[in-house]
Amino acid sequence: MNEDIGDIQAGMPSFDKLGDYAPVTLNGGISGNKTYDGIGDSAMRTIMPISISQGILNQLTSVVLAILVLVITLVVIITFIIVLLTTSLIIKDNTRYIATLKVLGYENKEIVNMILGMYAIMIVIAFVIGFVAG
């Protein structure tokens with residue numbers, strides 16, 4: 001057994017709904033229709049050592065962090081796929097327009113600016129809605 005199991009300051013009580021330092025908890029007494037013995041042998045057996053509590057919290061933190069990394073990774077992948085599909089759709093819809101501009105001698109930079117200019121208002125609105133919605 002750990003040496004800190006009997007130390008009240010190094011333990012974390014897990015037995016009382018009334019609170020650690022409530023008079024009924026410390027001294028015993030009656031609350032509602034229940035009788036409490038106060039902190040005695042039975043209460044001391046339910047105190048969880050701090051080292052065990054810290055171990056449980058560290059494991060829980062590791063699991064939550066792993067889940068968070070997984071969710072963030074999935075969101076980044078899904079976002080990349082959406083951007084890729086949207087770009088592909090825009091290019092497909094404007095293939096004739098792009099070809100016409102190429103035949104007329106426009107440079108790629110000018111064509112990109114024209115295409116983005118057509119969708120600029122929608123891009124800004126979508127960005128604002130996405131930023132506000134979170």
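Residues are numbered from 1 along each chain as its sequence is written, and side-chain values use heavy atoms, with hydrogens and water left out. In this predicted model, local features need pLDDT of at least 70, side-chain atom pairs count only at pLDDT 80 or more, and totals for chains, interfaces and linings use all residues.

**Exercise 1.** State where confidence is lowest and highest in the protein.

*Solution.* Step 1: pLDDT is the predictor's confidence in each residue, from 0 to 100; the protein averages 79, and 68% of the residues score at least 70. Step 2: the lowest mean, 50, belongs to strand S1 (residues 11–12), and the highest, 92, to H3. Helices (H or I, at least four residues) and strands (E, at least two) are DSSP runs, numbered from the N terminus.

**Exercise 2.** Locate the kink in H5 and identify the buried residues of this helix.

*Solution.* Step 1: H5 (residues 108–133) has a kink of about 55° centred on Tyr119, the bend being the angle between axes fitted to the seven residues ending there and the seven starting there. Step 2: Ile111, Ile115 and Tyr119 are buried (under 20% relative accessible area, 1.4 Å probe, protein chains only). Step 3: these buried residues pack against H3 (50–93) and H4 (95–103).

**Exercise 3.** Describe the contact of H4 with H5.

*Solution.* Step 1: Tyr97, Ile98, Leu101 and Lys102 in H4 meet Asn108, Ile111, Met114, Ile115 and Met118 in H5, contact meaning heavy atoms within 4.5 Å. Step 2: by class, this contact has seven nonpolar, one polar and one charged residues (Ala, Val, Leu, Ile, Met, Phe, Trp, Tyr, Cys and Pro count as nonpolar, Asp, Glu, Lys and Arg as charged, the others as polar).

How values were computed: Buried means under 20% relative accessible area, exposed over 50%, partly exposed in between (1.4 Å probe, protein chains only).
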